[in-house]
Amino acid sequence: MIKLIPTKSQWKKWTLPTKISVIGTVIGVLSFGTYAIEKTYNMYAKIENPPPKNFLYGTWEANEIEEGIEVTILWHLKKDGTTTYEFIRHSTIPYQLRQKYMFIKQSKSSWYYNDGLIYEKTTQVTYVESKYNRKAKYYEARSIIHAIDKNTFELTIVDNDNLESRGDKRVYKRVIAED
């Protein structure tokens, strides 16, 4: 059996850099564990006063940074349980770089909403006007919806295809209401 904790005599034989490395590793593991527990707790904490499902029907807009590029996200949430996204690149990129960074993405998904959480499953993703041949991605996503007012909500990403975006927040403003 492997012993992870050194004896006192082993510890005394180690050089100072080795001791510092072990202490740093232990601190790093404990810090990551604490971070993971806190992040998990915050993601799954009960959502206070979630908005009703019909609050979400319509077209919403958020201005964000995607892949390092400023984009406007248009999110169409329909009553029939379908949704579409349009990621539209801002035209503030210098002309010489536009071909390299031209980025418009469209996706179609199905969605349902329960107790402040929205669940999505993509059925089609299309990259339009992209220099790079990107393959379509199919993924599931889950996010927390927090209503700010009747025309604004904050979305917190819980799970999606991009691990780095988990916990990110986006503010969406209503563009068109759907009856």
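Ring pairs link F55, W60, W75, Y85, F153 and Y172 into a cluster. Two rings of Phe, Tyr or Trp (its six-membered ring) pair if their centres lie within 6.5 Å; planes under 30 degrees apart count as stacked, over 60 as edge-to-face and the rest as tilted. This is a predicted model, in which local features need pLDDT of at least 70 and side-chain atom pairs count only at pLDDT 80 or more, while totals for chains, interfaces and linings use all residues. Residues are numbered from 1 along each chain as its sequence is written, and side-chain values use heavy atoms, with hydrogens and water left out.

**The chain as a whole**

The protein chain has 3 helices and 8 strands. Helices (H or I, at least four residues) and strands (E, at least two) are DSSP runs, numbered from the N terminus. Read from the N terminus, the order of the elements is α-α-β-β-β-α-β-β-β-β-β. Of the 179 residues, 33% count as buried; buried means under 20% relative accessible area, exposed over 50%, and partly exposed in between (1.4 Å probe, protein chains only). Among contacts with a separation of 6 or more, 42% come from residues 24 or more positions apart, where a contact means heavy atoms within 4.5 Å. The chain exposes about 12300 Å², and carbon and sulfur atoms supply 56% of this area. Accessible areas come from the Shrake-Rupley method with a 1.4 Å probe; for residues, only the protein chains shown count as cover.

**Aromatic pairs**

The count comes to 10 aromatic pairs. One of them, W60 with F153, is edge-to-face, at 4.6 Å centre to centre and 70 degrees between the planes. W60 lies in strand β1 (residues 58-66) and F153 in strand β7, so the pair ties together parts that are 93 residues apart in sequence. W60 is buried, with a relative accessible area of 0%, and F153 is buried, also at 0%. Y112 and Y119 form a stacked pair, with 4.7 Å between the centres and 15 degrees between the planes. Y112 is partly exposed at 48% relative accessibility, and Y119 is partly exposed at 23%.

**Strands β6 and β7**

Strand β6 (residues 140-149) and strand β7 (residues 152-159) run antiparallel and are joined by 7 bridges. Two strands pair if DSSP finds at least two bridges between them. β6 and β7 form a hairpin with 2 residues between them. The bridge partner of I144 is T156 in β7.

**Salt bridges**

The structure holds 3 salt bridges, each a side-chain nitrogen of Lys or Arg within 4 Å of a carboxyl oxygen of Asp or Glu.

| Salt bridge | N to O distance |
|---|---|
| D159 and R142 | 2.1 Å |
| E154 and K169 | 4.0 Å |
| R166 and D159 | 3.8 Å |

R142, D159 and R166 are linked in a network of salt bridges. R142 is buried, with a relative accessible area of 17%, whereas R166 is partly exposed at 32%. In the bridge between E154 and K169, E154 belongs to strand β7 and K169 to strand β8 (residues 169-177), 15 residues apart. E154 is partly exposed at 23%, and K169 is partly exposed at 49%.

**A surface patch**

I2, L4 and I5 form a nonpolar patch on the surface, with about 450 Å² of accessible area together. Patches are made of residues with over 30% relative accessible area and no salt bridge: like charges are joined within 9 Å, and nonpolar side chains (Val, Leu, Ile, Met, Phe, Trp, Tyr) within 5 Å. I5 is in the segment before α1 (8-13). I5 is exposed, with a relative accessible area of 72%.
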